[in-house]
Amino acid sequence: MKIAKNTVVTVQYKLSDAQNNLIEDGRQPMVYLHGGYENTLPKIEEELDGKEVGYENTIQIEPDDAFGDYDPNLVKVEPRSRLPEPLEVGMQFEGMPDGESDEEAMIFTVTDIAEDKVVLDGNHPLAGMALRFELKVLDVREATEEEIAHEHVHGAHGHHHGDEDDEGEAGDQFRTHPIH
């Protein structure tokens, strides 16, 4: 079966930066609903469209087509007293960009902690990076009507809605989500 709109695709992947430094080894395959549902990067969908099980390729995606350029305006220094304790580098908080009350809330990551100040970065951790994906298609199947209606994969490695009489299965975590 060829990958097309409304197919569920299982892809083994490795993610590296442009210098081949490993970022994520993809121990768990990525399972997503193909067809513009924002369950993976559009350039990955474009590369895999029309392909079949067994297809392998390595693609490089530039920042504009991945997580955007790094924006130094999204870095802010806050008084440590404004954040909860204990506080560690890597923790994330939801907040508003400076001076923009009509913008959507965004996630800020703690990147540095001084005695009384904390550096918060609103950029995606992969912003500004060219990304190299090693892709191998492991499975392609027709999506169910429910998956199409919900715009994401259900079942193993997909999203599980937790029906009352359905205990679910191991691996029913949400593995696909919009990436912007």
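The model is predicted, so local features need pLDDT of at least 70, side-chain atom pairs count only at pLDDT 80 or more, and totals for chains, interfaces and linings use all residues. Residues are numbered from 1 along each chain as its sequence is written, and side-chain values use heavy atoms, with hydrogens and water left out. The mean pLDDT (the predictor's confidence in each residue, from 0 to 100) is 85 for the chain. A share of 83% of the residues reaches 70 or more. Residues 159–180 have pLDDT below 50. Beyond near neighbours in sequence, this stretch has 42 contacts in the model, a contact being heavy atoms within 4.5 Å.

Helices (H or I, at least four residues) and strands (E, at least two) are DSSP runs, numbered from the N terminus. Two strands pair if DSSP finds at least two bridges between them. Strand S1 (7–17) has 9 of its 11 residues buried, so S1 is largely enclosed by the rest of the structure. Buried means under 20% relative accessible area, exposed means over 50%, and partly exposed lies in between (1.4 Å probe, protein chains only). S1 is joined to S9 by 11 bridges, and the two run antiparallel. Within this pairing, Leu15 has Phe133 of S9 as its bridge partner. S1 also pairs with S3 in the antiparallel sense, over 4 bridges. There, Val8 stands opposite Leu33 of S3. A further 2 bridges join S1 to strand S2 (residues 22–24), again antiparallel. Ser16 is bridged to Leu22 in S2. S1 and S2 form a hairpin with 4 residues between them. In its turn, Asn20 has a positive phi of about 70 degrees.

The largest nonpolar core has 20 residues. A nonpolar core is a set of buried Ala, Val, Leu, Ile, Met, Phe, Trp, Tyr and Cys residues joined through side-chain atoms within 4.5 Å. Ile44, Leu48, Phe133 and Leu135 have the most contacts inside this core. Two or more residues each come from strand S1 (7–17), strand S3 (30–33), helix H1 (42–48), strand S4 (56–61) and strand S9 (131–142). S9 gives the most, with 5 residues. Leaving aside neighbours within four places in sequence, Leu135 contacts residues including Val11, Tyr13, Ile44, Leu48, Tyr55 and Ile59. Another core, of 8 residues, lies apart from the largest one. Among its members are Phe93, Phe108, Val118 and Leu120.

An open sheet of 4 strands has the order S5-S8-S7-S6, with antiparallel pairing. Its edge strands are strand S5 (75–79) and strand S6 (92–95), each pairing on one side only. The twist averages 40 degrees from one strand to the next; axes are lines fitted to C-alpha atoms, for helices over the stretch in contact, and angles run from 0 to 180 degrees between N-to-C directions. Within the sheet, 4 bridges join strand S7 (residues 106–113) to strand S8 (residues 117–121). Asp112 stands opposite Val119 in S8.

Gly90 lies in the loop between S5 and S6. Its relative accessible area is 45%, so Gly90 is partly exposed. Not counting residues up to four places away in sequence, Gly90 touches Thr109 and Val110. Gly90 and Thr111 are 21 residues apart in sequence, yet their C-alpha atoms are 6.2 Å apart in space.

The salt bridge count comes to 6. A salt bridge is a side-chain nitrogen of Lys or Arg within 4 Å of a carboxyl oxygen of Asp or Glu. One joins Asp25 and Arg27 (2.7 Å, N to O). Asp25 is partly exposed at 28% relative accessibility, and Arg27 is exposed at 72%. Another links Lys43 with Glu46, the closest N and O atoms being 3.8 Å apart. Both residues lie in helix H1, 3 residues apart, about one turn of the helix. Lys43 is partly exposed at 29%, whereas Glu46 is exposed at 56%. The side chains of Glu78 and Arg82 also meet in a salt bridge (2.4 Å, N to O). Here Glu78 is buried, with a relative accessible area of 11%, while Arg82 is exposed at 61%.
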